[in-house]
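Hi,

Here is the structure I promised to pass on. Have a look at it first, and then read my notes below.

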Amino acid sequence: MSRRVVGANRRRALILGSAGVLVLALVGGGVAFLLATRGELQYKTQSALRKALPVTAAAELEKRGVSLSSPLKCRDLPGWTKSKLRVSCTGTTSDQKSVEVLGTGEEKTHKSYYTILVDGRPVVENAHCLGPDCKGRQG
């Protein structure tokens with residue numbers, strides 16, 4: 001084999017090896033990013049979720065052109081635990097339609113879900129955040 005062919009094969013191997021390392025670094029970085037952004041629950045306790053939900057839900061409704069006649073009233077749903085948060089809020093719109101908000105959080109999966117019904121119809125379904133909590137996130 002001539003020196004020219006051996007040199008070309010070495011260059012090709014270096015290029016392919018570098019490209020392989022770059023791909024592995026990008027994939028590893030993507031996995032690390034997903035794990036890091038998976039993070040923790042926005043509200044880590046039942047009390048924190050119960051306190052925040054009327055404010056974030058009202059802001060979400062306001063953003064969608066729905067105003068409330070008074071602040072939402074929230075309560076713990078039966079079956080909640082330290083690792084499975086469950087809250088329900090109720091209220092009335094300014095035009096006297098019923099409002100129901102359901103908020104959940106799972107410590108194991110680090111996921112939260114929110115649903116808002118106005119007059120029995122979904123305005124928000126299984127969103128991951130509400131109102132001001134959604135800045136920079138998809139809801």
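With a relative accessible area of 2%, Ser88 is buried, where buried means under 20% relative accessible area, exposed over 50% and partly exposed in between (1.4 Å probe, protein chains only). Leaving aside residues up to four places away in sequence, Ser88 touches Lys73, Cys74, Arg75, Leu77, Glu100, Val101 and Leu102; a contact is a pair of heavy atoms within 4.5 Å.

A word on what you are looking at. This is a predicted model, in which local features need pLDDT of at least 70 and side-chain atom pairs count only at pLDDT 80 or more, while totals for chains, interfaces and linings use all residues. Residues are numbered from 1 along each chain as its sequence is written, and side-chain values use heavy atoms, with hydrogens and water left out.

Now the overall layout. The protein has two helices and five strands, running α-α-β-β-β-β-β from the N terminus on. Of its 139 residues, 27% count as buried. If you take the contacts with a separation of 6 or more, 42% of them come from residues 24 or more positions apart.

Helix 2 deserves a look of its own. Residues 46-63 make up this helix, 18 residues in total, and the span from first C-alpha to last is 25 Å, close to the 26 Å expected at 1.5 Å a residue (the expected span is 1.5 Å times one less than the number of residues). Helix 2 has a kink of about 35° at Leu53, shortly before the proline Pro54; the bend at a residue is the angle between axes fitted to the seven residues ending there and the seven starting there. Both Leu53 and Pro54 are among the buried residues of helix 2, which also include Leu49, Ala57 and Leu61. What do the buried residues of helix 2 pack against? They pack against strand 1, strand 2, strand 3, strand 4 (111-118) and strand 5 (121-127). After helix 2 comes Gly65, with a positive phi near 80°.

That leads to the core. A nonpolar core is a set of buried Ala, Val, Leu, Ile, Met, Phe, Trp, Tyr and Cys residues joined through side-chain atoms within 4.5 Å. The largest one has 20 residues, of which Leu53, Val99, Val101, Ile116 and Leu130 touch the most other members. At least two residues of this core come from each of helix 2, strand 2, strand 3, strand 4 and strand 5, and helix 2 gives the most, with five residues.

Val99 is in strand 3 (residues 98-106) and counts as buried at 3% relative accessibility. Its contacts, not counting residues up to four places away in sequence, include Leu61, Leu68, Cys89, Ile116 and Val118.

On to the cysteines. Taking a disulfide as a pair of cysteine sulfur atoms within 2.5 Å, the count comes to two. One joins Cys74 to Cys89, S to S 1.8 Å. That pair links distant parts of the chain, with Cys74 in strand 1 (residues 73-76) and Cys89 in strand 2 (residues 84-92), 15 residues apart. Its S-S torsion is about 100°, so the disulfide is right-handed. Cys74 is partly exposed at 23%, whereas Cys89 is buried at 0%. The other joins Cys129 to Cys134, S to S 2.1 Å, and its torsion of about 120° makes that disulfide right-handed as well. Cys129 and Cys134 are both buried.

His110, in the loop between strand 3 and strand 4, has a positive phi of about 60° although it is not a glycine. Asp119, in the loop between strand 4 and strand 5, also has a positive phi, about 55°, without being a glycine. Asp119 counts as partly exposed at 40% relative accessibility.

Cheers

Definitions and conventions. Helix = DSSP H or I, 4+ residues; strand = E, 2+ residues; numbered from the N terminus.
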